[in-house]
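Please look over the structure below before reading the report. The text then takes up a few of its parts in turn.

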Amino acid sequence: MNQFSLPSMNTEAARTEAESLPRSNFDRLRGHLKADTLASRLLDAWVVGDASDALARLRAVLDAQTITTPESDAPSTSSQA
Amino acid sequence: MPLPHLRKLEVQGFRSFGTGRQSFDVSDTVTVLWGGNSQGKSSLAEALEFLFTGEIVRRELMASAKDEFADSLRNAHIPAATPVTVEATIECPDGVKRKLRRALVNDFKGNSACTSRIEIDGKPATEADLLKQLGLKLMPAPLRAPVLAQHTLGYIFSAGPGDRATYFRAVLDTQDLEDFRNAVAGLEAALPAPQLPELQALAAVETIPEVAESAKKMRTAKTKTALDKQVARGLEALLTAIGITPNPTRIERATQLEKALEAKRSKTFPVELFGRRPFVPWATPEQKLRDVLATFTRERNAVEAETQRLLALFTAALSIETIKMAHAPIDCPLCATPAAMTLERISHIREQVAANAVYKAAERAVGDGLRALDAGLSSLGQSGGHSLPRFSQSIPAERRALGFTVAKLAALVPDATVLSEWLLAYRRLRRSCAALHAAIRIARDRVKGALNDLANWQEAILLDADLAAITAAATAFETAQSEYGEQVRRLSESLNAAIDRTSSTAAWHELAVFGRNADPLWRGLEMQRQHLGKVKAVQAAVKEIDAANGLVADEKFDDLSRGIKDWWERLRPGEPSFFEAVKRRGTKTRRNIDLKVGLSAHTDRTDPKLRDAIAVFSQSQLHCLGLSLFLARVAEEGAGFVVLDDPVLSSDDDFRPNFEASVIEALLAAGIQVIVLTQDYKSWKNIGHRWDFRGALQLQLVRNDPVIGTEVRNENDQLASMLAKVQPFINSQDPEQRKQGATQLRQAIERFCKELIVRDRQAAGDGLAALTDYDGKNFGDFKTKVEALLTKDPSHRGKLRSAHSYVTPGPHDDQPPSTGELKQAAGDLKALKKAYLD
């Protein structure tokens, strides 16, 4: 259903289409984010649980984020240049 | 679920409403109120806005300065005691009627907002109660109430890009997405950047011109080996630059650089004299020494003094074979006393000799322990002395000769506090060292005394106390060492920086440290890479969320566009210029929102050219677009009623019928109660007639007295309507307009006369008397009868005559009445109406 239209103006087809569409803003947003990205994981954390803890949940997701950096080749104090 | 509907409204003291409290019912379907200019239409619309929101949005949208609206809500003419209130009886979704009342407490003052108090059914309430108790859901700011005024209708076209974007974000109700986006963006600030000394050192090394290239590669080294290699190259480059042939290995080069640095620094200040040896901590003597002392004391006490004196004699006696092997008493080998050496006596001698052997062993152990203790104390004292700074082990003359003076330090170290705190720490260190030496000396003297005469030494307990004192002094010395270490570190940092500046050796030390061991730098670089990686990840997430939020906005704009289109088509069906969409200017923009329209050269709207509405739409079209947008919002938000203040421009005669018919039809079909305020008399009549079958109610707004204020009247007061309608013509500078005004005033005078005669006939019992009895007749036909009825004041007859005279042109007279004449005629007629009809 076109949410800005009047009920009397709606067609059955429009209603059916509306029912198949995501409803909430966050549902819509999820539909536009790539799966398994940091953005989608942050969204998952944001929408689940108390709003008062939402920032802490985002930080937890970020803390768990693995950043790929060069592997250390066995740190040593080797004196060879 | 039913929507909340208004049932009754009451207004007093609000803007044009004055002392006269106006109370009127409204229709459940359509209520249309007519009023001329300045009669109170906008005041009523804003009174309802004030009732629901506690403010008027016009102040936010239109005022160039907030103080322009000072004292604007309270009628300027009413006494201070008159309250300013707006009330509505509302039939709530649960079917119960409740009364919402808002009273103005403080009007706008300067830049301060107004304040008000709301009640529901006489009880104090909050804004939240509007939804909770009444089912009234307000729309997002700035246009929160379902009240459309002229100034709000044009808002989106006059607002700047930022305000327009904000408005549409509010319309789309995507604040939750904005909150999420901003929370994610805020994560970047919450990521602490590593503040490691190694990274600061690398930044310093990067400033050495000869090392800059290698240092840059150190920062980006992908492996520890690569980092070591770049450190070695940096060392090589610097050593070569200062004329030293680099040794093959990195650590050797680091040593070369350290020596070069030390030599350079020494030329400026003998920093090596700050050097200290490590202090070997004092280990409290083991329990073993205490045990040995205790054993010794016990054994010494166990051996009789007489035994110790005769020990040699006893030992010699036991070495005699006859005594050693005796099975019966024998004669004493020394004094020959017969049978003096009994078996018991021999046994006693054996026991004494054995006890003395244990005592001697304990005595040896104590001697060994005390000597070891003495050696330990000696080492402790030496260690304490050696752990003092080198400069303190020289005499002042030697220090001065080497250039180590406080005055020179003060000249080099810019922060006097650093120097003074170092001096204080040094003095504490010296005092604690002296205290330690004193404690050691006491203990060593006691040990020495013990070793000289162990057999009679009785000071084991005192020695124990001495050792405890040494432990305390050593601990205090270690603390002083630690404190001094921190102060000398600060001093050295400051001093070395100053020396390095003057000797051009800045960051050499840091490079040498990297050369000795680059592991800490590697770990620091890894931490920094982790940090930067997370920052980039957050930035990428924000970018992705921004793009996705934009797509969500696009979806919702599409929905909104369809709603606007529906209303647009009801207002202006079939036009070749039509509303197309409200959308973002581009996929990456969050700031610019455009309203796109289609321009077609064909009646079937084919091949439309899309343009920005604000650029190509006429004022009339923009007006309709604003109305369409407002109605789309009202329908979306589920408002139970809508208040429209002159929703169609007076010049839009072509589209007014569409509003009166199609738009109101759709609103009623959606269950939305309609309240229309208009100055167009024809429109007022048409809406009333068209929707009479649905119970439409027609009311009029009249403001004859600024103190009494706007009055809301039923449509039956036709004469009042005529007087109100003529007002604009009276003041016109256009002669033709005034001529028209004179005609309307003459008709009003005739209406007054007819109503007066009919009322008199009805009072006399003529139940069939009606205004239509006088159709086709004019003032001359009933002047005599009317004048006979004007008995309340002798002046009334003359007033009626002169009023008629002012508005009635003579034969061949084309000169219209003046504004003054028309005002006088209208004023006299109002006075007569009030005296005889009201």
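## Chain A

This is a predicted model. Chain A contains four helices and zero strands. Read from the N terminus, its elements follow the order α-α-α-α. Of the 81 residues in chain A, 21% are buried.

## Two helix pairs in chain B

Two packed helices are described by the angle between their axes and the distance between the axes. In chain B, helix H11 (residues 250-268) packs against helix H19 (residues 460-503) at an angle of about 95°, and the axes are 9 Å apart. Angles of 65 to 115 degrees count as roughly perpendicular, so H11(B) and H19(B) are described as roughly perpendicular to each other. On the H11(B) side, the contact is formed by B:Lys264, B:Arg265, B:Lys267 and B:Thr268. H19(B) contributes B:Asn496, B:Ile499, B:Thr502 and B:Ser503. By class, the residues of this contact between H11(B) and H19(B) are one nonpolar, four polar and three charged.

The second pair is helix H27 (residues 735-763) and helix H30 (residues 819-836), both of chain B, whose axes come within 11 Å and cross at roughly 20°. Because angles under 35 degrees count as roughly parallel, H27(B) is roughly parallel to H30(B). Their crossing is left-handed. Residues of H27(B) in the contact include B:Leu745, B:Ile749 and B:Phe752. Among those from H30(B) are B:Leu822, B:Leu829 and B:Tyr836. The contact of H27(B) with H30(B) has twelve nonpolar, two polar and two charged residues.

## Paired strands in chain B

Strand S10 (residues 593-599) of chain B runs antiparallel to strand S9 (residues 577-584) of chain B, and seven bridges join them. Within this pairing, B:Ala581 has B:Lys596 of S10(B) as its bridge partner.

S10(B) is also joined by four bridges to strand S11 (residues 609-612) of chain B, again in an antiparallel arrangement. Here B:Val597 is partnered with B:Arg611 in S11(B).

## One residue: B:Lys217

Is B:Lys217 buried, exposed or partly exposed? A residue is buried with 20 or more other C-beta atoms within 10 Å, and exposed with 12 or fewer. B:Lys217 has 16 other C-beta atoms within 10 Å, so this residue is partly exposed.

B:Lys217 belongs to helix H9 (residues 212-220) of chain B. The C-alpha atom of B:Lys217 is separated by 9.1 Å from that of B:Val231, which is 14 residues apart from B:Lys217 along the chain.

Note on methods. Residues are numbered from 1 along each chain as its sequence is written. Chains are lettered from A and ligands numbered from 1 in the order in which they are written. This is a predicted model: local features need pLDDT of at least 70, side-chain atom pairs count only at pLDDT 80 or more; totals for chains, interfaces and linings use all residues. Axes are lines fitted to C-alpha atoms, for helices over the stretch in contact, and angles run from 0 to 180 degrees between N-to-C directions. Angles under 35 degrees count as roughly parallel, over 145 as roughly antiparallel, 65 to 115 as roughly perpendicular and the rest as oblique. Two residues are in contact if their C-beta atoms, placed from the backbone, lie within 7 Å. Ala, Val, Leu, Ile, Met, Phe, Trp, Tyr, Cys and Pro count as nonpolar, Asp, Glu, Lys and Arg as charged, and the others, Gly among them, as polar. A crossing is left-handed if the near helix is turned anticlockwise from the far one by less than a right angle, and right-handed if clockwise. Two strands pair if DSSP finds at least two bridges between them.
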